[in-house]
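Here's a quick briefing to read alongside the model.

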Amino acid sequence: MNLRRRLSFRVTPRRALAAIGSALALALLVAWSGVIDIGASGGHWRITSWGLHWVMQNATRTYAMLEPEPPADLDSPARIRRAAGHFETSCAFCHGSPEHPSPTLAPHMTPMPPGLTQVTAKWTPRELSRIVRHGVKYTGMPAWIAPQRSDEVWSMVAFLRALPEMSGEEYRRLAFGEAVPAPAADPALEGCVRCHGRDGTSSGGAFPVLGGQSEAYLLATLEAFADGTRPSGIMQFAVDGLPPEDLTRLAAYYAGRGGVREQAAPDGSEGARIAFQGQPENDVPACQSCHGASPRRNPRYPYLGGQDAAYLATQLRRMKASEARGPTARVMHRIAERLPDQAIDAVAEFYAGQGRDPDPANAAR
Amino acid sequence: MGAKGGRAFEGLEKAALVAGAGLLLGACSGPQSALDPAGREAAEVARLFWVMLAGAAIIWLAVIGTAVFAGRFQKTPLGERAGLRIVLWAGAIIPTLILAALLTFGLRLMPVLRAGEPALTVHVSGEQYWWRVTYRTAQGEVETANELRLPAGRPAEILLDSADVIHSFWIPALAGKLDMIPGRTNRLVLNPERTGTYRGVCAEFCGRAHAFMAFSVEVMEPAAFEAWLARERAPAAATADAGAFLANGCGGCHSVRGTPATGTIGPDLTHVAARPTLGAGLLANTPANRRRFVSETEKLKPGVRMPAFGALESDQLDAIDAYLGSLR
């Protein structure tokens with residue numbers, strides 16, 4: 001009886017509170033003492049690793065429901081090509097690539113960045129979109145620089161979906177361009193060339209044509225990428241840290257190639273009618289009133305003749321939705337919002353069909 | 001404390017009453033008042049209003065008087081016959097007579113609004129959110145915008161239609177309002193009598209910038225009007241360089257007669273500097289406001305169809321402003 005009384009322990013509210021308080025104080029003491037090893041070299045305990053990954057998978061699945069629907073032509077070659085160069089620059093050194101599957105850095109990170117050969121089997125397009133757009137907390141995975149650029153995020157998703165089947169040779173072609181990079185005469189230019197080529201061509205609709213473009217427009221655009229007023233996860237990263245004189249030189253370089261031009265000739269098509277007369281019934285002015293050839297036009301307005309049709313149509317739709325941001329893109333928001341979808345395609349086709357000027361000597365300045 | 005508070009409140013109340021009465025009376029005159037008519041139609045409308053008001057006041061007094069009489073002085077109920085007679089006379093016959101008289105008086109005014117052999121025809125088209133004004137003269141059409149000038153003492157026929165949604169054309173100082181309906185032309189004849197500056201407004205909700213869709217009205221001596229119309233007919237006589245205006249694509253939407261700017265989407269700017277307001281009655285037409293309107297269009301007038309050109313270089317905006325300012 002006596003012994004029993006001595007061993008019995010009654011849980012009162014006060015004692016429970018004291019116990020919880022002591023446990024918290026102990027935990028704080030341990031954290032404060034600095035004995036918890038947060039070095040990446042030791043890795044996680046297996047249970048920590050499993051727990052973190054489990055939470056990450058669940059969260060990705062749930063939050064993927066907030067992602068937009070993937071485009072119908074998600075896996076188009078142009079979209080895959082568009083993200084390839086950026087993958088090589090900013091993803092491959094952690095995740096590896098078909099050309100270099102086991103980067104030296106990866107095993108020394110905690111958690112270790114996964115290779116991406118299983119990515120299609122493991123994640124749906126919207127889950128990939130979620131991960132690419134928002135990154136993953138407590139890992140090294142950053143968010144997309146311009147999360148509002150769904151078009152860019154979908155390009156990366158398309159590329160990731162093509163990655164497991166991709167040969168090293170194919171990867172090399174997509175990420176570095178057709179030409180083997182020459183010894184760097186201009187290191188800044190070598191970065192551009194991987195996607196935009198030496199002549200600033202569209203590479204099968206993946207990129208806007210830069211060759212022959214107005215130099216003032218190219219420079220204003222590069223500056224807008226550099227200061228973030230024109231958001232782009234790919235281009236903001238590409239121009240990051242380039243000094244102003246590099247931007248000036250790059251703009252002048254591509255402006256001096258053959259490619260787009262400001263001249264356009266009406267050909268009787270609906271697109272030509274919009275370009276030269278506008279759609280007065282929808283309060284849409286003629287494209288040529290700003291973009292047409294004239295010795296006095298504002299050189300910051302881009303040339304359209306010979307530009308890639310898919311690029312023009314995409315940009316017009318982004319302007320129509322007031323998404324496109326750039327030095328002068330706001331002017332186009334009010335105009336594009338009144339352009340019906342068929343008109344956008346018609347006018348993009350018209351300008352794309354204006355032929356590229358292959359001779360740099362003829363490129364309009 | 002309570003009494004003191006009460007007195008202070010009374011003082012405030014009195015001040016508010018005086019200020020309120022002042023405001024009310026002040027609203028009876030001015031450039032946009034139907035009670036300060038400057039034309040025959042508006043005078044008729046004002047007379048109709050005063051007659052109706054007097055009639056309504058008499059009826060109101062009679063009804064309230066009857067109610068007070070019944071409650072205070074007539075202590076014994078009336079017989080059934082007398083009651084029925086009151087219902088018949090006061091409830092049916094007298095109101096019918098009064099309403100018929102007022103209706104006849106009101107309807108009599110309607111033909112006046114369309115009568116008259118016009119000396120001048122002006123076509124006014126409502127567009128979101130401005131007014132396209134075209135004078136049809138023997139020497140051809142003269143287009144201007146957001147401004148209506150009329151000669152005093154001469155009937156002017158105004159043809160009204162709309163390019164997009166229903167608007168309503170209302171110059172309270174000159175006449176009642178008339179809707180502008182897409183696909184239909186409404187006719188209004190104005191007889192302005194007193195020279196002066198008045199204000200017209202859109203009186204039918206037409207979209208986000210509806211409240212910013214106004215125009216100025218100038219009733220002038222006939223000789224001055226003819227001189228103005230001749231100046232308005234002439235092509236632009238700009239003294240500043242049109243370069244920046246044309247280089248930035250302004251001519252895609254706006255016309256400046258006599259230059260390569262031939263756009264028909266927005267207001268004709270041939271003599272824009274001579275107009276009293278900018279942006280359809282939005283701002284006084286000063287150099288600073290012209291620059292603001294070009295660079296902050298959407299901020300000043302939400303829903304406007306013109307894009308803001310705030311991203312242009314400062315020297316381009318200066319040059320455009322100088323050019324617009326020289327279009328007199």
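What follows covers chain B as a whole, then its parts, and then chain A.

This is a predicted model, where local features need pLDDT of at least 70, side-chain atom pairs count only at pLDDT 80 or more, and totals for chains, interfaces and linings use all residues. Residues are numbered from 1 along each chain as its sequence is written, while chains are lettered from A and ligands numbered from 1 in the order in which they are written.

**Chain B overall**

- Chain B has 27 Å as its radius of gyration, whereas a compact globule of 328 residues would come out near 20 Å; the radius is taken over C-alpha atoms, and the globule rule is 2.2 Å times the number of residues to the power 0.38.
- Its C-alpha trace spans about 90 × 65 × 35 Å along the principal axes.
- Eight helices and 12 strands make up the secondary structure of chain B; helices (H or I, at least four residues) and strands (E, at least two) are DSSP runs, numbered from the N terminus.
- Of the 328 residues in chain B, 34% count as buried, meaning that 20 or more other C-beta atoms lie within 10 Å of the residue's own, while exposed is 12 or fewer and partly exposed is in between, with C-beta atoms placed from the backbone.
- Take the contacts in chain B between residues at least 6 apart in sequence: 64% of them join residues at least 24 apart. Two residues are in contact if their C-beta atoms, placed from the backbone, lie within 7 Å.

**The helical stretches of chain B**

- UniProt (unreviewed entry) lists residues 50-70 and 82-107 of chain B as "transmembrane region"; UniProt positions are given in the numbering used here, feature names are shortened, and annotations may be inferred rather than shown by experiment.
- Residues 50-70 of chain B are 100% helix and 0% strand, with end C-alpha atoms 30 Å apart.
- Residues 82-107 of chain B are likewise 100% helix and 0% strand, and here the end C-alpha atoms are 36 Å apart.
- Phe105(B) sits in helix 3 (residues 80-114) of chain B. It counts as partly exposed because 14 other C-beta atoms lie within 10 Å.
- Phe105(B) and Leu48(B) are 57 residues apart along the chain, and their C-alpha atoms are separated by 7.8 Å.

**Two domains in chain B**

- At the contact, 18 residues of domain 1 of chain B meet 15 residues of domain 2 of chain B. On the domain 1 side, strand 2, strand 3 and strand 10 (214-220) of chain B each supply at least two residues.
- That domain 1 side divides into nine nonpolar, five polar and four charged residues. Ala, Val, Leu, Ile, Met, Phe, Trp, Tyr, Cys and Pro count as nonpolar, Asp, Glu, Lys and Arg as charged, and the others, Gly among them, as polar.

**The hairpin in chain B**

- Strand 2 (residues 130-137) and strand 3 (residues 140-145) of chain B pair in the antiparallel sense over six bridges; strands pair if DSSP finds at least two bridges between them.
- The two strands form a hairpin with two residues between them.
- Tyr135(B) has Val142(B) in strand 3 of chain B as its bridge partner.

**The Cytochrome c feature and Asp241(B)**

- UniProt (unreviewed entry) places "domain: Cytochrome c" at residues 236-328 of chain B.
- That stretch is 32% helix and 4% strand, and its end C-alpha atoms are 7 Å apart.
- Asp241(B) lies in the loop between helix 4 (222-233) and helix 5 (243-247) of chain B. It counts as partly exposed because it has 13 C-beta neighbours inside 10 Å.
- Setting aside neighbours within four places in sequence, Asp241(B) is in contact with Ala319(B) and Tyr323(B).
- Asp241(B) and Val68(B) are 173 residues apart in sequence and 77 Å apart in space, C-alpha to C-alpha.

**Chain A and its contact with chain B**

- Between the chains, 17 residues of chain A are in contact with 17 residues of chain B. Helix 17 of chain A gives the most to the chain A side, with five residues.
- That side of chain A divides into seven nonpolar, five polar and five charged residues.
- Chain A is assigned domain 1 (48-175), domain 2 (182-255) and domain 3 (270-362).

Conventions: Domain bounds come from an automatic or database domain assignment.
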